[in-house]
Structure formats: structure tokens, C-alpha cells
Amino acid sequence: MANMLELTNLRKSEIIKPSGYFTTKFARFITNITAPPLIAIPCLVILGLQSEHNRGVQANLFISLAIAIIFGATIPIILVVAMYLLKKISDIHIATREQRYLPFCLTIISFVIGTTLLWYITGLGWLTVVLASYSINTLVVMLINFRWKISIHATSIGGIVAAFTMLGGWMAAPLLSIVGLVTWARVHLKAHTTGQVLVGSLLGFFFTLLQLIILLQP
């Protein structure tokens with residue numbers, strides 16, 4: 001009789017499990033594809049192409065995009081993967097707060113080098129300013145991280161929405177759905193609290209918007 005009850009309970013759990021299982025898988029999928037250096041690649045390309053089109057400037061566009069992608073995304077990805085393989089971090093999303101400082105510092109250095117090169121080649125254009133905001137935002141997040149594990153995913157997405165809002169106005173409104181998905185995914189996976197993702201997204205949006213307004217003003 002006891003065996004029958006255990007079997008019944010097991011079957012119930014198997015019936016209930018798939019819903020939560022697929023929800024968690026979806027949350028992990030969202031987390032992976034919106035990892036800050038990964039999602040930065042298409043965003044930098046779009047921002048670079050659109051901003052240069054608006055200015056009517058095509059010279060050095062390829063070089064500018066290459067620098068932005070290499071120093072704003074590729075090198076940070078390589079750094080994280082290398083540190084993961086060397087067991088300096090426990091996972092590629094750096095869930096442990098105490099393990100974030102070295103990746104933060106190395107990533108900031110990459111951003112600063114990229115910003116400097118872009119400024120030298122193209123001046124204070126969109127890609128230069130966006131990469132500069134990456135540097136400043138990452139520094140601020142690192143300082144907050146000493147006491148509180150603010151969400152890097154949410155901060156990154158908030159900054160991206162700010163950049164596209166600055167470039168396209170209300171055309172960027174649909175991106176808010178991505179912000180909602182990212183914040184839900186991070187909370188669902190218990191990687192962050194609701195407060196950590198909300199503060200991250202708001203900080204990313206308003207702080208990036210402020211930087212863009214100041215640096216891009218005529």
C-alpha cells in the first residue's frame with residue numbers, strides 16, 4: 001500500500017513538474033540571450049548604423065563598429081569564459097557577488113580602451129558615447145556591488161532602452177517588453193530580488209539617458 005502511495009505521489013509530481021520545468025528553461029534562455037556582452041553586439045551595430053546614417057557620415061564606419069564590438073562585447077565575453085574555465089568564477093553570469101570584482105575591473109579597462117580608440121578615430125560620436133556610458137555604468141554597478149548585488153542584466157537592458165529612446169524616441173517603446181522579460185527571468189531564477197532588478201533597470205535607463213544627453217548635446 002505504501003509503495004502504491006509513493007508511486008501515486010511520484011506520478012503527480014511528474015505531471016506537475018513540466019510546467020515549472022519549461023518556465024525555468026525559458027527564464028534561462030532569456031537570461032542567456034540577454035547577457036550584457038552578448039546583447040551588446042546587435043545593439044552596437046544598430047546604433048552605429050542608424051546614428052551614422054542620420055549624420056550622413058559613412059567614413060570609418062566599419063572600423064568604428066569593429067572597435068565597438070571587439071572592446072564592448074567580444075573581449076568581455078572572452079574574459080568571462082576564460083575566468084570560468086580557470087575556475088575564478090562559478091558560472092558565466094557571475095551569480096556570486098564576491099566573484100564580480102575582477103571581471104568588472106577587466107571589463108571596464110576594455111571599455112575604456114575601446115572608448116579612447118573610438119574618440120581618436122571618430123570623435124564624440126554615438127558609439128564613442130555609448131561605450132563611455134558602458135564604462136561609467138559598470139563602474140557604478142561595481143561600487144554598488146560592494147554592498148548589494150544589483151542586477152547587471154537589468155542595468156544593461158535599461159541602458160540599451162535609454163540609447164534607443166534617445167535615438168528613436170517613442171519608437172523604442174516596444175523594448176520595454178524585453179525589460180519586463182529580463183527582470184522576470186532574473187527573479188524567477190532567484191538570481192536577484194525584485195528590488196535588485198528594478199533598481200538595476202531604472203539606474204541603467206536614467207543614468208545612461210543623462211550621460212547621452214550631456215555628451216551628445218551640440
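Student: How much of the protein counts as buried?
Tutor: Of its 218 residues, 40% count as buried. Buried means under 20% relative accessible area, exposed means over 50%, and partly exposed lies in between (1.4 Å probe, protein chains only). This is a predicted model, where local features need pLDDT of at least 70 and side-chain atom pairs count only at pLDDT 80 or more, while totals for chains, interfaces and linings use all residues. Residues are numbered from 1 along each chain as its sequence is written, and side-chain values use heavy atoms, with hydrogens and water left out.

Student: What secondary structure does the protein have?
Tutor: It comes to 8 helices and 0 strands. Helices (H or I, at least four residues) and strands (E, at least two) are DSSP runs, numbered from the N terminus.

Student: Let's take H4. Why does its length make sense?
Tutor: H4 covers residues 101–122, which is 22 residues. At 1.5 Å a residue they should span 32 Å, and the end C-alpha atoms are 31 Å apart, so the two agree. The expected span is 1.5 Å times one less than the number of residues.

Student: Which residues of H4 are buried?
Tutor: Pro-103, Phe-104, Thr-107, Ile-108, Ser-110, Phe-111, Gly-114, Thr-115 and Leu-118. Down the axis of H4, they fall within an arc of 165°, so they line one face of the helix. That arc is taken from the directions from the helix axis to the C-beta atoms.

Student: What do they pack against?
Tutor: Helix H3 (61–85), helix H5 (126–145) and helix H6 (152–168).

Student: And what comes just after H4?
Tutor: Gly-123, with a positive phi of about 80°. Leu-124 sits in the loop between H4 and H5. At 49% relative accessibility, Leu-124 counts as partly exposed.

Student: Which residues make the nonpolar surface patch?
Tutor: Leu-124 is one of them, along with Phe-62, Ile-63, Trp-119, Tyr-120, Ile-121, Leu-210, Ile-214 and Leu-215. The patch is about 990 Å². Patch residues have over 30% relative accessible area and no salt bridge; like charges are joined within 9 Å, nonpolar side chains (Val, Leu, Ile, Met, Phe, Trp, Tyr) within 5 Å. Areas come from the Shrake-Rupley method with a 1.4 Å probe; for residues, only the protein chains shown count as cover.

Student: New topic. How many salt bridges does the structure hold?
Tutor: It holds 1. A salt bridge is a side-chain nitrogen of Lys or Arg within 4 Å of a carboxyl oxygen of Asp or Glu. Here the side chains of Arg-97 and Glu-98 meet (3.3 Å, N to O).

Note on methods: Contact means heavy atoms within 4.5 Å.
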